[in-house]
Amino acid sequence: MSRIFPGLVLTSPILLLGVLAGAATAADTALSNFSSTQFQTPTAGAESLTTLPTSTTLVAQNRRSNLSVPSVAELEVGRVPTTSSMGQVTSVSQLSDVRPTDWAYQALASLVEKYGCIAGYPDGTFRGNRAATRYEMAAALNACLDVISDRFATKEDLETLRRLMQEFANELAVIKGRVTNLEGRVANLEATQFATLTKLNATVIFNVSDILTNERALRPGAGGAQPAIDDNTVVNNRVRLNLDTSFYGKDRLRLRLQAANITGYAALMGTNMGRLGYDGTNNNQFELQKAFYSFPVTRRGQMILDFVGGEFNDNVNNFNPFLQSSDTGALSRFGRYHPIYRAGSAANAAGVTFKYDLIQNKERGTGVTLNVGYLAPFANDPDRVANNGLNGFFDGAYAALAQVDVRPMKNLALGVTYTHSYGLDPFGGTGSSGFRSAANPLGNAANNVPNQAADAVGFQFTYRPIKQLNVAGWAGYANVYGVRGVALAGGRREAEIVNWAITFASPDLWRKGDVLGLVFGQPPQLISITNVPGVLGESYTRFNSYHLEGFYRFAVSRNISITPGVIAIFNPNSNSNNDPIVVGAVRTTFSF
């Protein structure tokens, strides 16, 4: 050691720190100088591609050691461990007797935090004032050199690298040219791309379906022969392009373009019961089908502003996670979720929804959420005279919603929902239809919808007892009553509508992504009417329509699924004179 540091007498580890820190800093500087050199394309007469250091003064031999870093306590007794020792400290603050005011604080911090080659005593101290022997210094210096040497190469290594660079000079020049070209192309793409904050995702549905029975449903209470259904198997489609933009990471602006030609079966069947959950047509012309902006309000709140195509089921929890999607969920309109969420939905519906987590425990998956919302289905039209006065955002047709979600445990969620609507079918075209039906309960065919209001309540739940089974269900009740002069001497017209369902979903049954789904329930139908004129001898309140549906979604790949299934309606339109209606469908969905 005297040949390396002649005349040096170390009286404490503090002086040792100065030596080690100086050596480490000098070595690190050499590494930085070497790393800062850049490869250059060789020119005529050039001896090499780049300038490399020729001095070996700061180039250490690459010596790797499996020995653990010695602590000061082990150096004190002259013993360096061969297998294990106290864990290396990672911050100088872990040494309790070292203060920022100590004159060697920065040197010790560099050796501990930057190079990781100095440890303390097992009691968490460094004891910088005790004397150190030359053997202790040698052991500590060796430990630091082992760390530093991993970052350097020998002179022989540098010579080998130089020869390789000269031998592959042409190839390196080609690669440099390609990299430069790619950098230019990337810069051009970044400058001309559509938007740096917008993502595109899309779904495409191809549907093959047919009404498998031959008789059209009679309206509620009607008798006689059922008209024949004269239909054919159809092949149609729906395409959705979603453009999602986030301006600061927690918000989302969605613009959805849609083109579709899936004609609904309601007119052919004579009832809204049995409708497909993804029907709708605009003759395959792309149009803005949905637009909303959602953003957080405080740490627990979220605001959703709907501009076009507003739906409550998109904004709040509808408690049917595996069947809710029109792309991959239940095949029927009724089987997707509680019809109470369809109040206010329309092509031009606009509104606002606010959600707030009253109680939240993310670790346990429990909490309580309050939801309130407002939708105006004809918000885009300012004409107060047209459409029976239902146009506009205010003072026209509307639906208001309040819901409380309760999650008492991670795999169980419960919800209670209330809606008040005016000028609307409170269950959105999912039940019986025709004169004196769930779609027209007050029996005034000309002025029914513009002159009726409804109060509806619903209870929903979803429960997943095991990974491959989810059970969900709902029950709903609505009181519909006449307003704006729709009344008789005996009092106002009133009707009551009820629906319920229970659903089963078995995910990943055969392979990952598959879902077996079953739906059984009673679609919305009348159970009573008061002061509503009718036909003598006809009953409109037989609560006897049933919905049975089964499907299996095959996950062909992550982006492709095929869902065959059958929908059966018994006593459609609450009329036992009607034969069952059966619809078969195969839905193929592409998502990307």
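Me: Which residues does the salt-bridge network around Asp-244 join?
Reply: Asp-244 also forms a salt bridge with Arg-252, where the closest N and O atoms are 3.7 Å apart. Asp-244 has a relative accessible area of 13%, which means buried, as that is under 20%. Arg-252 is at 32%, so it counts as partly exposed. Salt bridges that share partners make one network of Asp-244, Arg-252 and Arg-254.

Me: Is Arg-384 buried or exposed?
Reply: Arg-384 pairs with Asp-395 in a salt bridge of 2.7 Å, N to O. Both lie in the loop between strand 8 (366–376) and strand 9 (398–409), 11 residues apart. Asp-395, at 46% relative accessibility, is partly exposed. Arg-384 has a relative accessible area of 56%, and the cut-off is over 50%, so Arg-384 is exposed.

Me: Which residues touch the most other members of the largest nonpolar core?
Reply: This core has 27 residues. Strands 9, 10 (412–422), 11 (452–466), 12 (469–482) and 15 (494–507) each give two or more residues to it. Setting aside neighbours within four places in sequence, Phe-312 is in contact with several residues, including Tyr-341, Ala-343 and Leu-401. The members touching the most others are Phe-312, Tyr-341, Phe-427 and Ile-497.

Me: Which residue's side chain does Asn-479 join in a polar contact of 3.1 Å?
Reply: Asn-479 belongs to strand 12 and is buried, with a relative accessible area of 15%. Beyond its neighbours within four places in sequence, its contacts include Ala-453, Asp-455 and Arg-492. The side chain at the other end of the 3.1 Å polar contact belongs to Glu-494.

Me: What percentage of the residues in the protein is buried?
Reply: The protein has 8 helices and 19 strands. Among contacts with a separation of 6 or more, 68% are between residues 24 or more positions apart. The protein exposes about 29,200 Å², with carbon and sulfur atoms supplying 58% of that. Of the 592 residues, the buried share is 45%.

Me: What is the average pLDDT of the protein, and where is pLDDT under 50?
Reply: Where pLDDT is low, the predicted coordinates should not be read in detail. Residues 1–12 stay under 50, though the model has 24 contacts for them beyond four places in sequence. Residues 30–86 are also below 50, with 97 contacts beyond near neighbours in sequence. Across the protein, 79% of the residues score at least 70, and the average is 82.

How values were computed:
Residues numbered from 1 in each chain as written. Predicted model: local features only at pLDDT ≥ 70, side-chain atom pairs only at ≥ 80, totals over all residues. Heavy atoms only, no water. Salt bridge = Lys/Arg side-chain N within 4 Å of Asp/Glu carboxyl O. Buried < 20%, exposed > 50% of the residue type's maximum accessible area, 1.4 Å probe, protein only. Helix = DSSP H or I, 4+ residues; strand = E, 2+ residues; numbered from the N terminus. Core = buried A, V, L, I, M, F, W, Y, C linked by side-chain atoms within 4.5 Å. Contact = heavy atoms within 4.5 Å. pLDDT = per-residue confidence, 0-100. Areas by Shrake-Rupley, 256 points an atom, 1.4 Å probe, with all protein chains shown as cover. Polar contact = N/O pair within 3.5 Å; in protein donor to acceptor, adjacent residues only side chain to side chain.
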